[in-house]
Amino acid sequence: DEGAYTYQNVSWAIRLGTSDQDAFADVSGVETETNVGVEVTKYFPRASGSGSGAITRQITNPYCTAVRVTMSVGALYEQLVDQDRAGDTVAMTISYNVLIKDKDENIVASDDVERTDKTTSGAQWAKKYALTGSAPWTVTVTKTYDDNTSDYKHNDIYWAAYTEIIGYKMIYPHTACMMVRGNAETFGSSVPNRAYKIKGLIVEVPSNYNPETRQYSGIWDGTFKNAWTDNPAWVLRDIIESGRYGLKKFFPPAKQGNTLCDKWTLYEIAKYCDEYVSDGNEGMEPRYTFNGQIMGSGSAREVLQSIASNFHGMMYWGSGMVMASSDVPKDPIKTLTQANVIDGAITYSTGSAQERHSVALVTWYDPDNFGNARVEPVYDWDAYQRYGYRPINVTAYGCTSRAQAHRQGLWTLLTEEEQWQA
């Protein structure tokens, strides 16, 4: 029916990422499962050796309050071979010991487990143990019955996984998160895929700037206010100046009160980014916008340059701070002619023809397709006729506009064509 949910019995809760947000009411802690997937034998080598086949794993997280040990069997039964009941299957018994010790070798738990059951397919079960003492803890699983050598008995046991449990309510400060709870009858054994459309961080922008209209009013006095923006210049400044997650975090405390980037140059770049240009579909859009996320670690220079590449910029260190420049139209600095050159001889050079490309394959991220990457091909037909198909792969970092990706490709090809030295 129109307006009805596709899945029933689903609930969710959202936290927006404030510093003092509430914990999720019905989530008692955090669980992290680690796969083991190893057979536990009584002897090593199996059934014939003199060593122990016990398996040990270590928990190093000092905040863990409990561990859940998950065991499994591939099958658990015995096939009878006597004349009266030949072919019948009966249950079998397995037994093992779980030993947990803390850093000081004090025994935290020693549990002898015995199970009698019958199954012809795989099965798992788990048991939870409280952790006391200090990390790291060692967890050892020891098989307490003989290894099987008969083709008619199926009672091998495996340590499937262990789960580290932090039994405290977490508020996840400064982290936007969402909890989804569903009925297993609805989703079965698989966790459904989820996708979220987010706006991202609120950052500092000029006090005379309206991020909704992208207008700057009057003369800027150099102060800032908090607002959401996708202007790449102000996103770049935030990742530099933030003392919590930005570049400033890694400076000595004595220098963290200093300004680390040239805000006046960024102000001019930001205004250029906000200018409206054609979107190629009889509409208008800002020249450059940034909507991305930093997924992993990288050097400061690489991260900053990736963001600056969104507006065809370059980052460098000068005058004790991070400076930015951008490829924008500028007034000529000096006119050179044969009249003001020694001997009137001007030598021109350009890149090798072998380095020219005729097609730019620009990767961007489509918000109408769950943010998945798409490729926008951009052609320089004159270069194509001259050099044939010569592609260059370009990533438009933080780009969620097809038109912006197209402009990125045009800029790449035009730069190769027009870049001369004299």
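# Rings, spaces and backbone details

The model contains 15 aromatic pairs. It is a predicted model. One of these pairs joins Trp220 and Trp264, whose ring centres lie 5.0 Å apart. Their planes meet at 55°, so the pair is tilted. Trp220 sits in the loop between strand S18 (215-216) and strand S19 (224-228). Trp264 belongs to helix H3 (residues 263-274). The pair therefore ties together parts that are 44 residues apart in sequence.

Trp220 has a relative accessible area of 7%, so Trp220 is buried. Trp264 has 45% relative accessibility and counts as partly exposed. Both rings belong to one aromatic cluster, formed by Tyr209, Tyr216, Trp220, Phe224, Trp234, Trp264 and Tyr267.

Next come the open spaces. The largest pocket holds about 2,400 Å³ of space. Its lining counts 49 residues. Ile198, Lys199, Gly200, Leu201 and Gly292 lie nearest the centre of this pocket. Several elements give two or more residues to the lining: strand S1 (10-16), strand S15 (176-182), strand S16 (202-206), helix H2 (232-241), strand S21 (284-286) and strand S25 (359-366). By class, the lining of the largest pocket splits into 24 nonpolar, 16 polar and 9 charged residues.

The second largest pocket holds about 700 Å³. It is lined by 18 residues. Nearest its centre lie Val180, Arg181, Val191, Pro192 and Arg194. S1 and S15 each supply at least two residues of this lining. The largest share, 5 residues, comes from S15. The lining of the second largest pocket has 11 nonpolar, 5 polar and 2 charged residues. S1 and S15 also give two or more residues each to the lining of the largest pocket.

The largest cavity holds about 30 Å³ of space. Its lining consists of Val69, Met71, Tyr96, Val98, Trp125, Ala126, Lys127 and Tyr129. Strand S6 (66-73), strand S9 (92-101) and strand S11 (123-130) each give two or more residues to this lining. S11 makes the largest share, with 4 residues. The lining of the largest cavity has 7 nonpolar residues, no polar ones and 1 charged.

A three-stranded sheet comes next. In this open sheet the 3 strands run in the order S8-S7-S13, with antiparallel pairing. Strand S8 (89-90) and strand S13 (153-154) are the edge strands, and each pairs on one side only. Strand S7 (residues 77-79) is joined to S8 by 2 bridges, and these two strands run antiparallel. Gln79 of the sheet stands opposite Thr89 in S8. Strands of a sheet pair through backbone hydrogen bonds, either parallel or antiparallel.

The cysteines can be read quickly. The structure holds 0 disulfides. For Cys64, the nearest cysteine sulfur is that of Cys177, 20 Å away. A disulfide needs sulfur atoms within 2.5 Å, so a separation of this kind rules one out. Cys64 has 5% relative accessibility and counts as buried. Cys273 is likewise in no disulfide. The nearest cysteine sulfur to Cys273 is that of Cys399, 12 Å away. Cys273 is buried, with a relative accessible area of 0%.

Finally, the backbone has some details worth checking by eye. The peptide bond from Phe44 to Pro45 is cis, with omega near -5°. Pro45 lies in the loop between strand S3 (43-44) and strand S4 (51-52). The bond from Ala135 to Pro136 is also cis, with omega near 0°. Pro136 falls in the loop between S11 and strand S12 (137-143). S11 is the strand that supplies the largest share of the cavity lining.

Glu105 is in the loop between S9 and strand S10 (107-117). The loop between strand S22 (313-318) and strand S23 (321-326) holds Ser319. With 74% relative accessibility, Ser319 counts as exposed.

Key
Residues numbered from 1 in each chain as written. Predicted model: local features only at pLDDT ≥ 70, side-chain atom pairs only at ≥ 80, totals over all residues. Heavy atoms only, no water. 1 Å grid on protein atoms, 1.4 Å probe; cavity = no way out; pocket = protein on both sides within 12 Å on 5 of 7 lines; lining within 4 Å. Points joined across faces, edges and corners; volume = space filled by probe spheres on them. Nonpolar A, V, L, I, M, F, W, Y, C, P; charged D, E, K, R; others polar. Buried < 20%, exposed > 50% of the residue type's maximum accessible area, 1.4 Å probe, protein only. Pairing = 2+ DSSP bridges. Phe/Tyr/Trp six-rings, centres within 6.5 Å; stacked < 30°, edge-to-face > 60°.
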